[in-house]
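Visitor: I am new to this structure. Please take me through a close look at a single part, and tell me what meets what there.

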Amino acid sequence: MTAPDTIVLIHGFWVTPRSWEHWIAHYESKGFRVLAPAYPGLEVEVEALRADPTPIAELTVPRIIDHLSSVIDALDAPPILIGHSAGGAFTQILLDRGRGAVGVALNSAPTEGVRVVPFSQVKSTFAVFKNPANRHRAVPISFAQWNYAFTNTFTEDESRALYERYAIPVNGGIVWGGVLANFQPGHQDTWVDYHNDARAPLLFVAGGEDHIMPPAVQRSNAGHYRSDTVTEIEERPGFAHLLPAQPGWQEIADHVLDWALRHAR
């Protein structure tokens with residue numbers, strides 16, 4: 001079997017593909033083709049989305065998954081999928097639907113059925129949940145909220161620089177929907193088949209100091225899988241939610257790539 005030569009990096013909420021800038025250059029220097037698609041409508045710069053967050057407010061999970069699927073389906077062979085935060089949940093959904101040769105979920109948002117909600121996660125997302133009207137809005141994140149949820153192990157100067165470079169509002173409806181999915185009948189937008197034996201191998205990586213998607217969430221999500229395919233989880237002590245930008249990210253990037261190449265179908 002020929003090893004995948006393409007890596008698709010899937011960003012999370014509150015950021016854009018710009019958050020992958022170092023990983024793109026790192027993997028390209030190793031000879032890989034690297035794609036980091038934006039969610040539909042978010043192909044503009046961070047500054048433009050802050051000035052006009054309308055495209056964020058118009059997002060839905062099905063639109064995002066359909067767009068990512070179209071990017072993957074246009075490739076000659078199944079790629080390696082690496083998703084961060086909400087991108088980790090989208091990676092799980094894409095793998096469940098037969099896309100990708102292998103997947104890695106970094107500090108992943110949970111898929112449907114994961115009911116573990118640590119206090120730090122509630123605090124990290126309170127800006128969205130404090131007002132039900134936010135279900136119909138793009139909700140900005142303050143620096144204090146960013147520093148707690150994303151960069152709690154960084155210096156204040158590092159955190160502020162990353163906030164200015166990466167942070168955008170979030171679609172409040174999708175965040176609300178992720179919680180309500182566990183209390184509504186039928187399959188919701190983030191449902192996956194935890195018994196899908198045809199799914200490609202999947203690695204969860206949990207930052208030990210992550211506030212918004214703590215290790216308990218990762219462990220519960222990984223533990224839901226009952227399929228006869230590889231599902232592994234690793235914890236990285238000292239890493240916060242914004243793991244792709246934290247010092248030491250290169251070792252993790254190399255490790256997950258090595259794991260992906262060894263397990264790719």
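Guide: Start with a crossing: helix 1 passes helix 11 in a right-handed way. Keep in mind that this model is predicted. Helix 1 covers residues 21-28, and helix 11 covers residues 249-263. Their axes come within 11 Å. They cross at roughly 55°.

Now the residues that touch. Helix 1 brings H22, W23, H26 and Y27 to the contact. Helix 11 answers with W249, Q250, I252, A253, D254, V256 and L257. Sort the residues of this contact by class, and seven are nonpolar, three are polar and one is charged. The charged class takes in Asp, and D254 of helix 11 is in the contact.

Why give both an angle and a distance? Two packed helices are described by the angle between their axes and by the distance between those axes.

For a second stop, turn to R199. R199 counts as buried because its relative accessibility is 1%, and the cut-off for buried is under 20%. Beyond its neighbours within four places in sequence, R199 has contacts that include L95, D96, Y225 and R265. V230 is another of its contacts. There, a polar atom of the R199 side chain lies 2.6 Å from the backbone oxygen of V230. Look at D228 too: 29 residues separate D228 from R199 in sequence, and their C-alpha atoms are 8.8 Å apart in space.

Note on methods: Residues are numbered from 1 along each chain as its sequence is written. This is a predicted model: local features need pLDDT of at least 70, side-chain atom pairs count only at pLDDT 80 or more; totals for chains, interfaces and linings use all residues. Side-chain values use heavy atoms; hydrogens and water are left out. Buried means under 20% relative accessible area, exposed over 50%, partly exposed in between (1.4 Å probe, protein chains only). Contact means heavy atoms within 4.5 Å. A polar contact is a pair of N or O atoms within 3.5 Å; within protein, one must be able to donate a hydrogen and the other to accept it, and residues adjacent in sequence count only if both atoms are side-chain atoms. Axes are lines fitted to C-alpha atoms, for helices over the stretch in contact, and angles run from 0 to 180 degrees between N-to-C directions. Helices (H or I, at least four residues) and strands (E, at least two) are DSSP runs, numbered from the N terminus. A crossing is left-handed if the near helix is turned anticlockwise from the far one by less than a right angle, and right-handed if clockwise.
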